[in-house]
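Please read the following points beside the sequence and the structure.

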Amino acid sequence: MNQSDTVYIAGHRGMVGSACRRLLESRGYENLVFRTSQELDLTRQAEVESFLSETRPDYVILAAAKVGGILANATRPAEFIHTNLAIQTNVLHAAYQQGVRGLVFLGSSCIYPKYCPQPIREESLLTSELETTNEAYAVAKIAGVMMCRHYNAQYGTRFWPLMPTNLYGDNDTFDLQKSHVVPAMIRKFHLAGLAAAGNSAGIRKDAARFGPIPPDIRESLTLNDDWSVQNPDAVAVRLWGTGTPRRELMHVDDLARACVHVLEQTGEAEPMLLNVGTGEDMTIAELAETVRRVVGFEGPVIWDDSKPDGTPRKVLDVSKLRETGFAPAIPLEEGLTRSYAWYLAQIEN
Ligand SMILES: NC(=O)c1ccc[n+]([C@@H]2O[C@H](COP(=O)([O-])OP(=O)(O)OC[C@H]3O[C@@H](n4cnc5c(N)ncnc54)[C@H](OP(=O)(O)O)[C@@H]3O)[C@@H](O)[C@H]2O)c1
């Protein structure tokens with residue numbers, strides 16, 4: 001892979017696709033190809049085929065997908081299975097037809113069974129039943145892994161299915177109705193800092209950019225209906241669950257490096273399903289302490305144990321990826337500092 005190669009990044013405005021774009025641009029790649037979903041709906045086979053036959057990319061990073069939280073997955077499973085199956089089937093098949101030299105297919109660790117030995121090895125795929133809440137999404141992603149595997153076997157393509165752990169970083173979702181654990185914590189600690197300083201204008205500005213603050217958080221921040229602060233001395237950060245579950249987290253820029261790393265593998269390295277993560281986990285309480293340090297809020301934290309904890313532990317075995325010579329480079333505190341800086345910059349812009 002070199003700087004003059006044409007690389008198509010599908011989903012370049014998303015968290016993962018935008019990280020891949022930043023990385024390749026910083027490495028001097030000049031022939032990057034992108035389309036928004038308005039310009040090219042990847043669920044439409046004929047349009048995908050004609051786009052790839054016109055642009056003839058050397059490499060493809062497939063980071064376009066319909067992604068969502070528990071609620072969206074539970075209430076709209078047909079959309080998740082249809083959109084994801086259609087996008088990946090169209091892109092993978094057209095990439096094969098055009099003789100693409102390498103492709104990364106991004107899945108997620110939810111492809112693995114609900115009760116999986118930890119750390120989760122790639123061999124656990126399809127060994128027992130899935131978590132039901134996002135089954136439709138997971139089944140689509142498993143089909144994508146299998147498509148990569150069988151196209152590689154029959155057609156000699158070099159399609160790499162990568163399964164990342166929980167990601168955070170630039171372009172994350174900070175809307176508290178939809179956000180994952182890291183952006184939710186960053187925003188809650190930041191809002192608490194504003195509330196403790198009686199900075200109602202700051203809270204309004206934040207809500208205008210990142211969406212409304214749910215009632216339980218408003219209560220812990222002592223906010224009135226107009227977002228003004230009632231009692232700065234009583235402000236606390238309210239977090240879900242007990243803080244005891246263990247989770248693994250990786251900065252999205254490390255995932256982008258992993259995507260490019262596998263595409264750079266020579267012909268001797270067989271493309272295979274690879275977990276991508278740090279291989280290290282921490283408790284949610286430890287994570288909260290680190291976020292608190294990064295954001296700089298000194299007040300109390302309330303653990304709301306009426307809210308579910310989820311699975312007690314989820315960590316990937318990343319030894320296969322390490323054997324290929326890849327290691328993540330961004331320590332948690334540095335990654336959180338970058339993420340907080342990105343979040344602050346969005347409020348200012
Ligand atoms: N975020 C995580 O924590 C995480 C963890 C593990 C795995 N992953 C995987 O990484 C991949 C990317 O995730 P992400 O977090 O970057 O998602 P994201 O921020 O929601 O971005 C998804 C992108 O997909 C594009 N897209 C969706 N439907 C499309 C369609 N019909 N046609 C064309 N483009 C379409 C969107 O393009 P437009 O912006 O142009 O509409 C969007 O930019 C997914 O496969 C996900 O499973 C993510």
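1. In H9, the buried residues are Val252, Asp253, Asp254, Leu255, Ala256, Ala258, Cys259, Val260, His261, Val262 and Leu263. Buried means under 20% relative accessible area, with exposed over 50% and partly exposed in between (1.4 Å probe, protein chains only). Eleven of the twelve residues of H9 are thus buried, and the helix is mostly covered.

2. This is a predicted model, in which local features need pLDDT of at least 70 and side-chain atom pairs count only at pLDDT 80 or more, while totals for chains, interfaces and linings use all residues. Residues are numbered from 1 along each chain as its sequence is written, and side-chain values use heavy atoms, without hydrogens and water.

3. Helices (H or I, at least four residues) and strands (E, at least two) are DSSP runs, numbered from the N terminus.

4. Strand E5 (residues 159–164) is largely enclosed by the rest of the structure, because six of its six residues are buried. On one side these are Phe159, Pro161 and Met163; on the other, Trp160, Leu162 and Pro164.

5. Which strands pair with E5? Pairing requires that DSSP finds at least two bridges between two strands. Strand E4 (residues 102–106) runs parallel to E5 over four bridges, with Phe105 opposite Pro161. Strand E10 (residues 274–276) is also parallel to E5, joined by three bridges, and Leu274 in E10 stands opposite Leu162.
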